[in-house]
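Biologist: I would like to learn how to read a protein model. Please take me through some features one by one.

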Amino acid sequence: MAAEIVNPRSDSDTGQDGGAEPLDSFDPAFALHRGGKMAVQATVPVRDKDDLSLAYTPGVAKVCSAIAEQPDLVHDYTWKSSVVAVVTDGTAVLGLGDIGPEASLPVMEGKAILFKQFGGVDAVPLALACTDVDEIIETVVRLAPSFGGVNLEDISAPRCFEIERRLQERLDIPVFHDDQHGTAVVTLAALRNAARLSGRSIGDLRAVISGAGAAGVAIAKMLVEAGIGDVLVADRKGVVSSDRDDLTSVKREVAGFTNKAGLSGSLEDALAGADVFIGVSGGTVAESAVASMAKGAFVFAMANPDPEVHPEVAHKYAAVVATGRSDFPNQINNVLAFPGIFAGALQVRASRITEGMKIAAAEALAAVVGDDLAADYVIPSPFDERVAPAVTAAVAAAARAEGVARR
């Protein structure tokens, strides 16, 4: 018999008399999650023996034999081309950290329903009971025949970089770490519009990123790919620069393509005269550092639930302010990107997701704002029905242009 989750704040004796209230009784989040947030639903009827003989034996044998002879038919006669595996090891779940695979499942289920709701893509949450890089890679490779793509989720850095790279090398389906690339795509889209609003281009800007984890590294790479004037990344010890002797291999790579100005010192030092602050690290940035930024600066403080710079403070000095929260304007939300990116990649059976496809997604997302551009509207809402179709079409077109589409 499954143990009942009880209310730790109940006045009842929660350990002895069985009188404790379920958590559902006082918290709507628990009520919504009871039983899970998703289920499997058939797309064909099984009403009688004729339906059964087609959906299962003996009819299914014909399809299996055809696929055995022509493996590419699996895309036409199974769900493979429309389903994504959402894979985690539970080591970097939201802001909760390493809470393990079971505790990660509510988030992975949530991710799966967002795939369906916003991109029309089916997704299956897979929480793995292993954290070793080699074991994760081997597990995903062995599961891959069932899926058209793999979305890596909430895997801690720097392991996530190696896992994604090696899976991309071994698999011929899209492998995408959303914590990295989804964040980067939406950030670039918002930054393009903020620059347009101020009459500048990406190339006119110097950006400072707080955080050298998955999101910070990916944002830096994408901004460089998009042609930013300069960008530097800061970790807990200050600016990531080539003169530091304490850098990991990932941070050494970052130092090689960022920080053209050769700055060193603290994050606060780097912000002096900067055009853009991008926060993906948590912590708090001093108001004096924000005040030292260039006139008309942009502050994207995306830590949740507490932005690195509170919007009330940021608005004193910045022309455009964005956060990761839904209760402020300009929410940088990955759901604007990953459903459409996968939908576009699956639509054309792309073998991978390229930098060009990600840039195309960002440009399409930015274009949705159109003539409604304003300081409090540089990025559309996830509920804007134009978003997913625009991103899907742009990604599919880019995949064809880059030669990774197979239909």
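**Salt bridges first**

Modeller: Arg-386 and Asp-384 join their side chains in a salt bridge, 2.7 Å from N to O. A salt bridge is a side-chain nitrogen of Lys or Arg within 4 Å of a carboxyl oxygen of Asp or Glu. This is a predicted model: local features need pLDDT of at least 70, side-chain atom pairs count only at pLDDT 80 or more, and totals for chains, interfaces and linings use all residues. Residues are numbered from 1 along each chain as its sequence is written, and side-chain values use heavy atoms, with hydrogens and water left out.

Biologist: Is Asp-384 buried or exposed?

Modeller: Start with the cut-offs. Buried means under 20% relative accessible area, exposed over 50%, and partly exposed in between (1.4 Å probe, protein chains only). Asp-384 counts as buried because its relative accessibility is 17%. Arg-386 counts as partly exposed because its value is 44%.

Biologist: How many salt bridges does the structure hold?

Modeller: Here is the general idea. Side chains of opposite charge can pair when their charged atoms come close. This structure holds 24 salt bridges. One of them joins the side chains of Lys-37 and Glu-109, at 4.0 Å from N to O. That pair links distant parts of the chain, 72 residues apart: Lys-37 is in the loop between helix H1 (28-33) and H2, and Glu-109 is in helix H5 (residues 101-119). Helices (H or I, at least four residues) and strands (E, at least two) are DSSP runs, numbered from the N terminus. Glu-109 counts as buried because its relative accessible area is 18%.

Biologist: Which residue pairs with Lys-111 in a salt bridge?

Modeller: Asp-178 does, at 2.4 Å from N to O. This pair also links distant parts of the chain: Lys-111 sits in helix H5 and Asp-178 in helix H8 (residues 178-197), 67 residues apart. Lys-111 and Asp-178 are both buried. Salt bridges can also form a network, as they do among Asp-235, Lys-237, Arg-244, Asp-246 and Lys-251.

Biologist: Next, helices. What span is expected for helix H7?

Modeller: The rule is 1.5 Å times one less than the number of residues. Helix H7 (residues 159-170) has twelve residues, and the expected span is 16 Å. From first C-alpha to last, H7 reaches 17 Å, close to that value.

Biologist: Which residues of H7 are buried?

Modeller: First, the general idea. An α-helix has 3.6 residues a turn, so residues three or four places apart point the same way. In H7, the buried residues are Arg-159, Cys-160, Phe-161, Ile-163, Glu-164 and Leu-167. They pack against several elements, including helix H6 (133-143), strand E3 (149-152), H8 and helix H10 (249-257). Contact means heavy atoms within 4.5 Å.

Biologist: How do I read strands? In what order do the strands of the open sheet come?

Modeller: Look for pairs. Two strands pair if DSSP finds at least two bridges between them. Six strands form an open sheet with mixed pairing, in the order E7-E6-E5-E8-E9-E10. Strand E7 (238-239) and strand E10 (318-323) are the edges, and each pairs on one side only. Strand E5 (residues 206-210) and strand E8 (residues 276-279) are parallel, with four bridges. Ile-209 stands opposite Ile-278 in E8.

Biologist: How many residues of strand E1 are buried?

Modeller: Six of six, in strand E1 (residues 83-88). Both faces are covered: Val-83, Ala-85 and Val-87 are buried on one side, and Val-84, Val-86 and Thr-88 on the other. E1 runs parallel to strand E2 (residues 122-127), and six bridges join them. In E2, Pro-125 is the bridge partner of Val-86.

Biologist: Now a loop. Where is Pro-307 found?

Modeller: Pro-307 is in the loop between strand E9 (297-301) and helix H13 (311-314). Pro-307 counts as buried because its relative accessible area is 10%. Leaving out residues up to four places away in sequence, Pro-307 touches Gly-283, Ala-301, Thr-323 and Arg-325.

Biologist: And the chain's far end? Is Gly-403 buried or exposed?

Modeller: Gly-403 counts as exposed because its relative accessible area is 60%. Gly-403 lies in the segment after helix H16 (387-401). Gly-403 and Ser-351 are 52 residues apart along the chain, and their C-alpha atoms are separated by 9.3 Å.
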